[in-house]
Amino acid sequence: MMAGGCRCGAVRYTVSVEETPPIYCCHCLICQTGSGSAFAMQAMVAEEALQASGPIEAYRLTALSGAEAAHMVCGTCHTRLWNVNSARPGLAILRAGTLDASDTLVPRAHIWTRRKQPWIVIADDVPQYPENAPVAELAALLFPR
């Protein structure tokens, strides 16, 4: 079981998993803008494993692909917590920086590195992709058998 929450503490969540989910970093302009930082640290989890309480609001939008997305934010401090997307039913993309144990996370991959800030140095042994990673390849990195 893992836990996390928003900046002000009004929203708390748990993720029913046996171990910390693998994370990746996205350096695309959308993630930079949405996080207000150089990249977004994200973890894929089963939507059904996520339980939350507090004033959660959904910011809904249509992605460039046509998929419908909903970004869950704290209704008080507006911290982005996770999103779901019709292109990935049953999967939630958790903002890993909102986990209580975020200081223990080590990314397994970096995507959209052609947009990364020039001062960020990624370790040579961590896979990186100039844009989106092929879905099967990213899945294999995040969830090796």
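Me: What makes Arg12 and Asp100 a salt bridge?
Reply: The closest N and O atoms of Arg12 and Asp100 are 2.6 Å apart. A salt bridge is a side-chain nitrogen of Lys or Arg within 4 Å of a carboxyl oxygen of Asp or Glu. The pair Arg12 and Asp100 therefore qualifies. Arg12 sits in strand S2, and Asp100 in the loop between strand S9 (91–95) and strand S10 (107–111). They are 88 residues apart, so this pair links distant parts of the chain.

Me: What kind of model is this, and how are residues numbered?
Reply: This is a predicted model, with residues numbered from 1 along each chain as its sequence is written. Local features need pLDDT of at least 70, and side-chain atom pairs count only at pLDDT 80 or more, while totals for chains, interfaces and linings use all residues; side-chain values use heavy atoms, with hydrogens and water left out.

Me: Why is Arg12 called partly exposed?
Reply: Its relative accessibility is 34%. Buried means under 20% relative accessible area, exposed means over 50%, and partly exposed is in between (1.4 Å probe, protein chains only). Arg12 therefore falls in the middle class. Asp100, with 49%, is partly exposed too.

Me: How many salt bridges does the whole structure hold, and what is the other pair?
Reply: The search finds 2. Glu131 and Arg114 also meet in a salt bridge, at 2.9 Å from N to O. Both residues lie in the loop between S10 and helix H2 (135–142), so the pair ties together parts that are 17 residues apart in sequence.

Me: Which accessibility classes do Glu131 and Arg114 get?
Reply: Glu131 has a relative accessible area of 36% and is partly exposed. Arg114 has 53% and is exposed.

Me: How do you know that Arg95 has no salt bridge?
Reply: The nearest side chain of opposite charge is Glu47, 13 Å away. Lys and Arg count as positive, Asp and Glu as negative; His and the chain ends are not counted. A salt bridge needs the atoms within 4 Å, so Arg95 has none. Arg95 is also buried and belongs to strand S9.

Me: What does Arg95 touch instead?
Reply: Leaving aside neighbours within four places in sequence, its contacts include Tyr13, His71, Arg80, Trp82 and Asn83. Contact means heavy atoms within 4.5 Å.

Me: What makes strand S8 mostly covered?
Reply: In strand S8 (residues 80–85), 5 of its 6 residues are buried. Strands are DSSP runs of E with at least two residues, helices are runs of H or I with at least four, and both are numbered from the N terminus.

Me: Why are S7 and S8 called paired?
Reply: Strand S7 (residues 68–74) and S8 share 5 bridges in the antiparallel sense. Two strands pair if DSSP finds at least two bridges between them, so S7 and S8 pass. His71 has Asn83 as its bridge partner in S8. S8 and S9 also run antiparallel, joined by 3 bridges. Val84 stands opposite Ala92 in S9.

Me: What makes His78 and Trp112 stand out?
Reply: Most residues other than glycine have a negative phi. His78 has a positive phi of about 65 degrees although it is not a glycine. His78 lies in the loop between S7 and S8. Trp112, not a glycine either, has a positive phi of about 55 degrees. Trp112 is found in the loop between S10 and H2 and is buried, at 19%.

Me: Why are S1 and S5 edge strands?
Reply: An open sheet has the order S1-S2-S5, with antiparallel pairing. Strand S1 (2–5) and strand S5 (50–53) each have a single partner strand, so one side of each is left without a neighbour in the sheet. S1 and strand S2 (residues 12–15) pair over 4 bridges. Met2 has Val15 as its bridge partner in S2.
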